[in-house]
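This report goes through one protein chain, from its overall make-up to particular side-chain pairs. The sequence and the structure come next.

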Amino acid sequence: MISVLIPAFNAAPYIEYAISSVLDQDIDIPLEIVVCDDGSTDGTADILKKLAQYEPRLRVLSVANGGVSRARNRLIEEANPASEFITFLDADDALPPGRIARDLALFAETPALEVIYGQLCLIETDQLELRAIRTQGDICVRGISVTVGTFRRDLIAGAGDFDTSFSHGEDLDFLLRLFEKSPKALLLDDVSVLYRQHHGSATSQREKLRRGVMRAMLLHNRRLRADPKLVRLNGLFDLEALPKKRANKRKIDGLADYSVIIPAFNAAPFLPDTIRSVLQQTHPPKEIIVVDDGSTDDTLQVLDGIPAELKVIHQENRGPGAATNAGIAMASSDFLAFLDADDLWEPEKMEKQLHVLMDERDLGGVFCRMSSFNHDGAALAVDDGLSGWARSTMVLRRETINDVGSISDFGRKVGEMIDWIARAQEKQVRFQLLEAALARRRLHSDSMTASRNDTQREYLHAIKEAIRRKRERKKLSE
């Protein structure tokens with residue numbers, strides 16, 4: 001027997017369609033559908049009552065509103081004890097034809113299997129019907145959703161309850177607890193759920209989802225540290241893959257690939273926003289390389305929880321110059337872009353800079369203007385309106401770096417970028433500065449530029465070094 005468990009809250013427009021997609025499954029074993037009406041205030045309860053009168057395989061539970069996790073926990077408790085398998089379905093989604101029969105056949109072929117985990121087919125619509133047949137434009141990902149899994153009941157029991165303290169991200173928390181114990185799993189590249197994306201809903205919930213995902217990953221990392229027998233889950237889920245997949249579809253034909261290098265030291269509060277600004281580029285990167293420069297905060301844990309494919313380097317604290325060079329050494333693209341871990345990019349930054357670099361082959365690099373914004377209200381040293389010559393605005397050809405040399409290693413001091421730009425100009429490398437403010441500098445009390453006196457001294461040191469080199473060249477030419 002298999003139980004399909006559906007939590008429902010104010011799902012009147014879609015609940016009958018979701019249930020029909022389950023009843024239409026053609027399977028050889030008994031099926032039950034259990035719906036938990038989580039205190040709906042629309043017509044959901046009336047629709048369920050009517051359906052249950054005519055469909056013996058449907059059972060309806062009614063509870064006071066307590067959230068999706070509490071509803072799922074109640075559904076697991078109420079599932080028929082004879083059910084060997086359990087799967088979940090959201091009340092506004094649907095099962096594709098043949099989903100349950102496919103999974104049951106795979107379980108029969110491999111009796112040791114404990115879970116089959118497929119893909120979401122993401123369909124952006126407010127219309128009732130979800131297409132059962134995939135089209136070329138569909139986005140299908142192995143996302144974070146218990147609805148794509150078919151589970152043996154014993155495995156569900158061993159994972160524990162859904163955590164009711166999560167308002168968002170409860171699926172990831174549950175799945176991490178389940179998969180970190182290394183169950184016998186089969187990951188499918190076939191669609192298991194038709195996932196409805198309501199117009200306008202993603203934007204309003206994105207920040208709450210991000211916080212939930214971050215919290216789930218932090219709890220996962222704590223469990224890993226406490227129990228070495230647990231397994232770290234790398235690459236199992238396409239975490240929040242939709243923005244990334246859409247970005248890849250927007251990739252601009254003929255525009256070069258590029259690598260993004262982000263040196264990071266104690267940047268845990270800022271990295272999610274910083275990396276999101278990269279993922280939202282109209283021309284997305286080939287790779288994002290984050291160099292953790294010996295952070296003592298939660299930077300590494302935060303990186304584990306960021307829903308994107310990152311290349312992460314960890315090194316002892318040596319300063320931004322050494323961290324930047326480490327990222328350059330790993331990068332695989334001919335065009336390199338750089339971003340401080342607390343700064344942001346505007347969406348069209350890389351598209352505009354790469355167009356210029358590719359149109360003017362004699363340019364060694366392109367910079368842009370950079371606006372500043374105050375993060376925490378502190379009185380800070382740098383707020384210069386529209387600056388430009390900075391790491392976060394710089395896009396270079398790799399051959400330019402090969403010609404000029406690596407970024408200077410000034411240790412933990414700043415000024416390494418001023419020094420490198422000066423050395424490039426000494427070699428007569430031609431740069432272009434775009435007047436558009438395509439990057440944003442975050443001003444905050446923990447930044448390296450928060451102390452005006454120290455920063456000015458270190459910048460002056462870099463300038464003096466450039467003057468010294470100029471004088472030496474003049475002497476040699478005389």
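## Basis and overall make-up

Helices (H or I, at least four residues) and strands (E, at least two) are DSSP runs, numbered from the N terminus. The model is a predicted one, in which local features need pLDDT of at least 70 and side-chain atom pairs count only at pLDDT 80 or more, whereas totals for chains, interfaces and linings use all residues. Residues are numbered from 1 along each chain as its sequence is written, and side-chain values use heavy atoms, with hydrogens and water left out.

The chain has 15 helices and 17 strands. Of its 478 residues, 53% count as buried, a term that means under 20% relative accessible area, with exposed standing for over 50% and partly exposed for values in between (1.4 Å probe, protein chains only). Where contacts (heavy atoms within 4.5 Å) have a separation of 6 or more, 80% of them join residues 24 or more positions apart.

## The surroundings of Asp-173

Asp-173 is part of helix H6, which spans residues 170-179. Because its relative accessibility is 2%, Asp-173 counts as buried. Neighbours within four places in sequence left aside, Asp-173 is in contact with Asp-163, Phe-166, Ala-216, Leu-219 and Arg-223.

## Helices H1 and H2

Two packed helices are described by the angle between their axes and the distance between the axes. For helix H1 (residues 15-23) and helix H2 (residues 44-54), the axes come within 10 Å and cross at roughly 30°, so H1 is roughly parallel to H2, given that angles under 35 degrees count as roughly parallel, over 145 as roughly antiparallel, 65 to 115 as roughly perpendicular and the rest as oblique. On the H1 side the contact is made by Ile-15, Glu-16 and Ile-19, and on the H2 side by Ile-47, Leu-48 and Leu-51.

## Salt bridges

The structure holds 21 salt bridges, each being a side-chain nitrogen of Lys or Arg within 4 Å of a carboxyl oxygen of Asp or Glu. One of them joins Asp-103 to Arg-99, with the closest N and O atoms 2.9 Å apart; these residues are separated by about one helical turn because they lie 4 residues apart in helix H4 (residues 99-109). Asp-103 is buried at a relative accessible area of 0%, and Arg-99 is buried at 1%.

Lys-229 and Asp-227 also meet in a salt bridge, at 3.3 Å from N to O; here Lys-229 is exposed at 68% relative accessibility, while Asp-227 is partly exposed at 23%. Arg-72, Asp-90, Glu-170 and Asp-171 are linked in a network of salt bridges.

Conventions:
Axes are lines fitted to C-alpha atoms, for helices over the stretch in contact, and angles run from 0 to 180 degrees between N-to-C directions.
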